[in-house]
Amino acid sequence: MKFDTPATTNPIDRMKVVGQPIDRIDGRLKTTGQAPYAYEQNDAVRDPAYGYVIGAAIAKGRITGMDLRAARAAPGVLAIVTAENAGPLGKGDMNTARLLGGPEVDHYHQAIAVVVAETFEQARDAAQRVRVDYAPAGGAFDLAAARDTAKEVDQSASSVGDFEGAFAAAAVQLDATYTTPDQSHAMMEPHASIAAWQGDRLVVWTSNQMINWSAGDLAKTLKLPKEKVRLISPFIGGGFGGKLFLRSDAVMAALGSRAAKRPVKVALQRPLMMNNTTHRPATIQRIRIGAAPDGRIGAIAHESWSGDLPGGGPETAVDQTRLLYAGANRLTQLRLAVLDLPEGNAMRAPGEAPGLMALEIAMDEMAEKLGMDPVQFRIVNDTQVDPNDPDRPFSQRQLVKCLQLGAERFGWDQRNPRPGQSRQGRWLTGMGMASAFRNNLVMKSAARLRLDSRGEVTVETDMTDIGTGSYTIIAQTAAEMMGVPIDKVTVRLGDSSFPVSAGSGGQWGANSSTAGVYAACMKLREAVARKLGFNSADAVFAEGQVRSGNRGATLAEAAGPDGIVVEDILEYGDLSKRFQQSTFGAHFVEVAVDAATGEARVRRMLAVCAAGRILNPKTARSQVIGAMTMGVGAALMEELALDKRRGFFVNHDLAGYEVPVHADIPHQEVIFLDEADPISSPMKAKGVGELGLCGVGAAIANAIHNATGVRVRDYPITLDKYLDRLPEAV
Amino acid sequence: MSKVSFSVNGEVRDLELDTRTTLLDALREHLHLTGTKKGCDHGQCGACTVIVDGRRINACLSLAVMHEGDAITTVEGLGSPENLHPMQAAFIKHDGFQCGYCTPGQICSSVAVLEEIKAGIPSHVTADLTAASQVTPEEIRERMSGNICRCGAYSNILDAITEVAERQA
Ligand code: FES
Ligand code: FES
């Protein structure tokens, strides 16, 4: 099915199942420990051996020798695979660095060997006995030092009008630089895979967001035809972008299994993950805004510097600034430096998350200079068209409504606009806010449906559920479309033998994957009507029945003993070119800062989101509160601490890399505006899982400024950055 | 190798294990009770929380052979999909999870936390050490802070625990 004209009325609009706050259909399995994750496939794989990955101990250079003798002789060892004996390997399209390094080392903790043994304890022990000699080489590790070597990147570059002239002439100006640190996804389930060879075919149970990309890249890495590789990923213990791509756990398991002639399971050891896998790259961002005294922006520029390995890409931190606010004269530019750090790549809301951390502080600073309320300053600069191309409207844009409703519900009028003036006992209190913005991407997605002789529906698609609720919203979609109760729908996900879906990334998963299921359901409805001799256009599917005029039949009867199987894909035309599709929101935060110690606590949080139709308000709300929680981490604690001499992230475990815990998170409120966007897809939905993170960090930063009067422009906002500037504590 | 015998979810299990085997790996790899999760293997995340003789511990920080004669409860022992423990049901109702990987640990921890409060065991945020501990949001958040949820379901988990506590009261 091709989606190239805006959606009209369709069966989803009934909203009997879709749009309802239904409990997750996989909830019983997950809460009782019965959902099998990648490393736990004991029913499918008998008697696996265990792989333990060795990571390079230098950031750049060469392995001059590996002494495997002691390890080979250790009890239980079955095989040791290194670059020397692995055979020729390719590199996946989505990978920047090779997943098995050696003799050249491209980054710290790059996998250089896997030791396979009968037991985990034996594999771990033998791995410690491997001796590696290196010839380290110098590298570039520090973004600030490499800033001047960074090259301009065309992607995201834009220039409208005469920015420099308009900025110079503006009555009120801001020119400020902000930094965001390297961050780690730190999902709770480590990257894990079990590989089993069946002749020349390879089956890998793994934990991966994008089955089709990763099956292709695994085949490419192992130089196999893609059809020889099957990936299975039914449950995924979090990804946040860190599991978008093939990673070394899958490659090491496959190579280890080939060498040991046994199924092999590999989970990346937690202390290896942060340097072995990808991370969100640090940025330096310069923002300039020029406005008239009435607050109207006349000039806005956003430039960002980031680094990555040779052949890698930039953190696209300027993207939202092309679209979020009006202004006749504009400039955006990315610059990319070569750094020999672990590979930088997508983490939840890549681009917008760090970009808004900077832009939305800048907006707060500008409002302060103008003597304007920060909410009002944003409202004044709303635009309903793409500022780079005024002929291109937003499909929907309710940013102003989000801001107004949020301000009202949060009690924004209680905020003292003069910073550092509100005190409750030992606490300095303050409120901050930020706009939220994230583009809505649509991706083609396919599904297969089976209607069986009991009138039950089975959906198969290689879509993944990374905690997002895919199982549930896909079941809701099929139930709504076919007119059956949700417990008559079975959803099977995450298997490369199923039709290729959009996968989970870029907050496109919910809308795109359900749209694919919608397309397959339309085809199934036609097949059912045809089989019954009904006119599909006026057939009504409800309560397990199909009715047309005064004729009717049950779905079970229509299916017959053999059932009906259909498959379809939803593909998109140029609606996303003709319309700018984005999601919007507003974040409001109240903080308290200890006047003596500087300890910052988040007291209240509210997000208002305009993100198209909400397919399941319960699971969507969870996406948003989870993202808000990650935003608290980004604002206050998350930072991969870099050893600039040796080129690695030092705090590479969950004790050193701090993420929010229960005690850090207050009650969180989420409001979804009632919206349906017919430009987006037949589901009229958009994404929300990344929107919830966009802007949170800045809202907290702005609240800390409001509480203390201190402006910190370098994340995370730890107390050492403002303690000596706190107001006099009397 | 060493022999060890303990009960898991009411069933006596006799194992012969490499002495380096953690209680977590004994459960997951030897008994195939994979409900208990391995998030870090270093006592940093709480995903491996199980209840041993009534107290919650990180199973990854404990060797299996140290548990001779102990009574161990894992998430599988609290309830099943057909017969949920009230805490499991409350997590589902309040959507106290997303990816589900921290969830068994959160649930074992929550069940034990309510017992700890009932037993009058104080926490870092207990103001009056001589008075009976209260089930307050602050107490629950403090006591649950060894269980990381990167999906960020904290606000919902608190609602789930509070509901169960209120029903028990
Ligand atoms: S696995 Fe035991 S605390 Fe993380
Ligand atoms: S539900 Fe994913 S980490 Fe808690």
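Which elements of chain A and chain B cover the buried residues of H6(B)? The tour answers this at its second stop; keep in mind throughout that the model is predicted.

**Stop 1: chain B as a whole**

Select chain B and colour by secondary structure. The chain holds six helices and five strands. Followed from the N terminus, the elements come in the order β-β-α-β-β-β-α-α-α-α-α. With a radius of gyration of 16 Å against the 15 Å from the globule rule for 169 residues, chain B is as compact as a globular protein of that length. Its C-alpha trace extends over about 45 × 35 × 30 Å along the principal axes.

Switch to a surface view of the chain. Of the 169 residues in chain B, 62% are buried. For contacts in chain B between residues at least 6 apart in sequence, 53% link residues at least 24 apart.

Now show the charged side chains. Chain B carries 14 positive and 22 negative ones, with the centres of the two sets 3 Å apart.

**Stop 2: helix H6 of chain B**

Select residues 154-168 of chain B, which form helix H6. This helix has 15 residues, and the distance from its first C-alpha to its last is 21 Å, close to the expected 21 Å at 1.5 Å a residue.

Display the side chains of the helix. Buried residues of H6(B) include Tyr154(B), Ser155(B), Asn156(B), Ile157(B) and Leu158(B). Further along H6(B), Ala160(B), Ile161(B), Glu163(B), Val164(B) and Ala165(B) are buried as well. As background for viewing the helix end-on, an α-helix has 3.6 residues a turn, so residues three or four places apart point the same way.

From chain A, the cover includes helix H16 (617-636) and strand E32 (668-672). From chain B, the cover includes helix H3 (86-93), helix H4 (103-118) and helix H5 (137-143).

**Stop 3: chain A as a whole**

Hide chain B and select chain A. There are 17 helices and 32 strands in this chain. The radius of gyration of chain A is 27 Å, close to the 27 Å given by the globule rule for 730 residues, so the chain is as compact as a globular protein of that length. Along the principal axes, the C-alpha atoms of chain A occupy a box of roughly 80 × 75 × 50 Å.

Buried residues make up 66% of the 730 in chain A. The accessible surface of chain A is about 24,500 Å², with 49% of it belonging to carbon and sulfur atoms. Among chain A contacts between residues at least 6 apart in sequence, 81% join residues at least 24 apart. Colouring by charge brings up 79 positive and 83 negative charges in chain A, whose mean positions are 3 Å apart.

**Stop 4: Ala215(A)**

Centre on Ala215(A), in helix H6 (residues 211-222) of chain A. This residue counts as buried because its relative accessibility is 2%, below the 20% cut-off. Which residues does Ala215(A) touch, not counting those up to four places away in sequence? The contacts are Lys226(A), Val229(A), Leu231(A) and Ser496(A).

**Stop 5: backbone details in chain A**

Go to the loop between strand E4 (77-82) and strand E5 (104-105) of chain A, where Pro103(A) is found. The peptide bond joining Gly102(A) and Pro103(A) is cis, with omega about -10°.

Next, move to His109(A), in the loop between E5 and strand E6 (111-117) of chain A. Phi of His109(A) is positive, about 60°, although the residue is not a glycine. At 10% relative accessibility, His109(A) counts as buried.

Then select Ala349(A), in the loop between strand E16 (329-338) and helix H9 (352-370) of chain A. Here too a residue other than glycine has a positive phi, near 55°. Ala349(A) is buried, its relative accessible area being 0%.

Finish at Pro716(A), in the segment after helix H17 (696-708) of chain A. The peptide bond from Tyr715(A) to Pro716(A) is cis, and its omega is near -10°.

Note on methods:
Residues are numbered from 1 along each chain as its sequence is written. Chains are lettered from A and ligands numbered from 1 in the order in which they are written. This is a predicted model: local features need pLDDT of at least 70, side-chain atom pairs count only at pLDDT 80 or more; totals for chains, interfaces and linings use all residues. Side-chain values use heavy atoms; hydrogens and water are left out. Helices (H or I, at least four residues) and strands (E, at least two) are DSSP runs, numbered from the N terminus. The radius of gyration is taken over C-alpha atoms; the globule rule is 2.2 Å times the number of residues to the power 0.38. Buried means under 20% relative accessible area, exposed over 50%, partly exposed in between (1.4 Å probe, protein chains only). Contact means heavy atoms within 4.5 Å. Lys and Arg count as positive and Asp and Glu as negative; His and the chain ends are not counted. The place of a charge is taken as NZ of Lys, CZ of Arg, CG of Asp or CD of Glu. The expected span of a helix is 1.5 Å times one less than its number of residues. Accessible areas come from the Shrake-Rupley method with a 1.4 Å probe; for residues, only the protein chains shown count as cover.
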